[in-house]
Amino acid sequence: MAVYPLKETKKAPQSQTKTIQWLKENLLSSTSNVLLTLIALYLIYLILPPILNWTIFDANFDLTADNDSCGREGACWAFIYDNFKMFIYGFYPQEELWRIDTMFALIVVMIMFGSWIKKSQYRMHYIIGAFLVYPVAAFFLLHGGLGLEVVGTDKWGGLTLTIVVAAVGIVASFPLGILFALGRQSKMRIVKFISVVFIEFVRGVPLITILFMASVILPLFFSVGMDFDKLLRALIGITLFQTAYIAEVIRGGLQAIPKGQYEAADASGLNFVQKTTLIILPQALKISIPNIVGSFIALFKDTTLILIIGLYDMLAIVGAATSNSSWLGRNSEGYVFVAFVMWVILYSMSRYSKKLEVRFSTEHKN
Amino acid sequence: MFIKLKSLLYNNEVRAIAFQVLTVVFIAYFVYQAFDNMMLNIEQSGIRSGFGFLNDEAGFAVNDNFFLTYSPTSTNLQAFYVGIVNTLIVAITGIFFASVIGLVIGIARLSSNYLIRKMATVYIETFRNIPILLQILFWYSTALSVLPPTRNSMNFLDSVFLNSRGLFLPKFIVGTEFYLVLASFIIGIATYVFIKKRSTKKHDDTGIATNTIPHFLGLVVLLPIVAYFVFGAQLEYPALKGFNFQGGTDLSIEFFSLAFALSIYTATYIAEAIRSGIDSVDKGQKEAAAALGLKQGQAMRLVVLPQALRVAIPPIINQYLNLTKNSSLATAIGYSELVTIFSGTVLNVVGQAIEVIALTMLVYLTISLFISLVLNIFNKKMEIKGK
């Protein structure tokens with residue numbers, strides 16, 4: 001019996017190897033494709049070098065440099081290094097910074113603990129408890145009281161303020177948003193009318209006019225001489241604004257619930273409150289989660305607007321830091337840095353919301 | 001008697017009415033309290049109320065003014081109108097460029113070319129994840145530092161100048177000649193629309209396609225140029241006098257930065273809307289078009305895009321509304337639109353916060369309602385028949 005040894009396998013022809021094949025298919029498949037590749041390369045050649053030169057090659061990375069020794073051809077990163085604390089903590093007193101750090105560290109600890117007891121039957125209790133206790137703890141940490149030195153809200157600023165405003169906005173607007181969403185779906189004419197007017201009014205005007213309203217008109221509604229914190233006014237404005245958007249998101253979830261669910265709840269003899277809290281809302285909220293995250297992303301972007309009514313969020317710190325005579329004219333470095341930080345936060349959140357969307361959409365296909 | 005009362009308590013309709021009455025009383029009480037406090041506060045601060053301030057002299061100059069007559073001696077009402085016009089102009093400019101950029105990027109995201117596709121993705125992910133206010137401030141400060149001062153303006157043919165104050169363009173001197181040129185332009189467009197309609201009808205009836213691009217060039221582009229020379233319309237050129245340019249039209253650097261930032265930012269959302277619109281078209285449509293012998297471009301233009309736009313246009317119109325609302329951020333860089341002029345300068349002068357902010361909100365509400373109306377009409381028209 002003849003034995004036929006296996007011949008050594010030939011290597012694929014040069015034109016078929018991975019890289020070349022890939023290039024052929026994706027960049028050079030036709031004349032027009034080649035042309036597009038050339039245009040793209042030209043655009044990259046136009047855009048990329050100036051950006052890289054300014055941020056890296058011509059930039060001064062000497063962190064001890066001052067404004068004059070830094071040079072003007074490229075970025076001066078010493079500016080960011082010098083003002084880093086201000087970008088993160090605003091004007092918060094140096095010796096009290098540990099309070100802000102503790103506040104953020106608490107969040108991390110809470111999330112870690114939450115994922116550790118994932119399977120526990122008390123998880124829901126823990127989450128609700130955390131949502132109730134944490135804001136109070138955070139308030140006393142930031143503001144002071146209970147033995148801690150009081151730090152006025154005029155000292156709050158930077159990324160801390162951005163996060164505080166966004167967090168308060170989302171947490172406070174959530175229950176209100178649910179109420180208005182239910183109101184808009186209600187059969188009671190007057191309740192429905194009030195909800196529709198509120199939601200459509202808020203969604204029809206720019207946030208900046210609502211912030212103006214909150215900061216200028218709102219104090220007029222309260223009795224004379226009542227001092228009204230500037231930050232509190234901004235928070236009220238932001239919350240009202242966010243409420244309308246959250247209400248619309250949740251209404252979308254409510255509308256997606258099949259009618260049979262309502263009828264089944266009625267048939268089981270549940271009253272309105274039981275029906276809403278036990279049957280309808282859990283399902284509606286679950287469907288709305290990706291959109292709620294989306295609306296939170298929008299809110300996070302919108303928090304930058306508080307600089308217009310004179311609060312010092314991270315973006316406003318750029319102006320504050322560059323009006324200091326030792327760092328005049330370094331706006332670009334500041335804007336690029338803030339843009340970078342905001343981008344990292346917003347991009348990760350939008351990735352997360354995409355992931356949620358995929359997760360929830362597969363669940364509903366079955 | 002007692003049983004009757006109890007059944008009333010558990011009657012859904014009675015409960016609903018009671019609940020609503022309670023809500024109304026509750027709200028009415030709050031409104032009353034707020035109003036009472038407000039009157040007291042206003043009285044104490046000595047600010048007058050009512051809309052009489054609209055007829056007062058404004059007393060401030062406005063940088064950007066396109067075609068309304070306005071001077072510091074004009075009334076606050078005229079300043080209000082200038083603000084509305086400037087809001088609309090920057091919004092329309094932004095909407096135009098955002099649509100063009102968005103369409104290009106949206107299609108580029110689905111390109112078969114790897115580089116183009118990736119670049120479009122990078123563009124979208126970069127600009128939509130940076131707050132718009134930051135972008136406006138960044139472009140404004142960059143434009144101020146990159147563009148040359150007035151003395152060393154960039155000069156194009158001695159008629160267009162660009163410097164850190166803005167773009168200076170020649171302007172038509174309005175007169176008989178100008179109206180003749182304008183008339184020929186309008187006639188050109190009207191004739192072209194007529195020819196285009198006839199050629200479409202011919203194509204529908206007989207299947208013979210006519211190329212109307214030469215007609216377009218001749219009627220819409222060439223005709224006004226010829227008319228310009230024939231009638232001898234005059235242009236007023238901007239010229240450097242003292243420290244600034246005089247004559248001609250100018251677009252301020254604030255206007256530019258704002259329109260630029262708004263276009264770049266909103267384009268990312270429009271691109272995403274167009275991409276998801278194209279994605280929503282069934283693959284079979286493309287294959288059917290190919291089976292009928294349409295070329296790739298034709299399949300895109302005649303089969304895919306019309307169906308994609310039906311899905312994409314509602315979110316795009318919403319983005320137009322968002323852009324208009326975002327134009328109010330101009331107040332951070334001082335482009336004189338509604339919020340800057342009215343809720344800014346006028347409010348500081350007259351101090352009547354309630355009236356001023358109410359009027360500002362009213363304008364935006366009107367625009368919003370108008371745009372939702374357009375959207376509703378569009379949705380009605382585009383509803384798939386027979387559903």
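Domain bounds here come from an automatic or database domain assignment. On that basis, chain B holds domain 1 (2-43) and domain 2 (76-148 + 250-382). The model is predicted.

**Domains**
- In chain B, the centres of domain 1 and domain 2 are 43 Å apart, taken over C-alpha atoms.
- Chain A splits into domain 1 (92-151) and domain 2 (157-361).
- For domain 1 and domain 2 of chain A, the C-alpha centres are separated by 21 Å.

**Fold and dimensions of chain B**
- Chain B contains 12 helices and eight strands.
- Chain B is more spread out than a compact globule, because its radius of gyration is 28 Å, well over the 21 Å that the globule rule gives for 387 residues.
- Along the principal axes, the C-alpha atoms of chain B fill a box of roughly 85 × 65 × 45 Å.
- Buried residues make up 30% of the 387 residues of chain B.
- Among contacts in chain B with a separation of 6 or more, 65% join residues 24 or more positions apart.

**Contact between chain A and chain B**
- Chain A gives 41 residues to the contact, and chain B gives 45 residues.
- On the side of chain A that touches chain B, the elements giving two or more residues are helix 2 (31-57), helix 7 (189-204), helix 8 (207-217) and helix 13 (331-365) of chain A.
- Helix 13 of chain A supplies the largest share of that side, 10 residues.
- By class, the side of chain A that touches chain B has 29 nonpolar, 11 polar and one charged residues.

Methods
Residues are numbered from 1 along each chain as its sequence is written. Chains are lettered from A and ligands numbered from 1 in the order in which they are written. This is a predicted model: local features need pLDDT of at least 70, side-chain atom pairs count only at pLDDT 80 or more; totals for chains, interfaces and linings use all residues. Two residues are in contact if their C-beta atoms, placed from the backbone, lie within 7 Å. Helices (H or I, at least four residues) and strands (E, at least two) are DSSP runs, numbered from the N terminus. Ala, Val, Leu, Ile, Met, Phe, Trp, Tyr, Cys and Pro count as nonpolar, Asp, Glu, Lys and Arg as charged, and the others, Gly among them, as polar. The radius of gyration is taken over C-alpha atoms; the globule rule is 2.2 Å times the number of residues to the power 0.38. A residue is buried if 20 or more other C-beta atoms lie within 10 Å of its own, exposed if 12 or fewer, and partly exposed in between; C-beta atoms are placed from the backbone.
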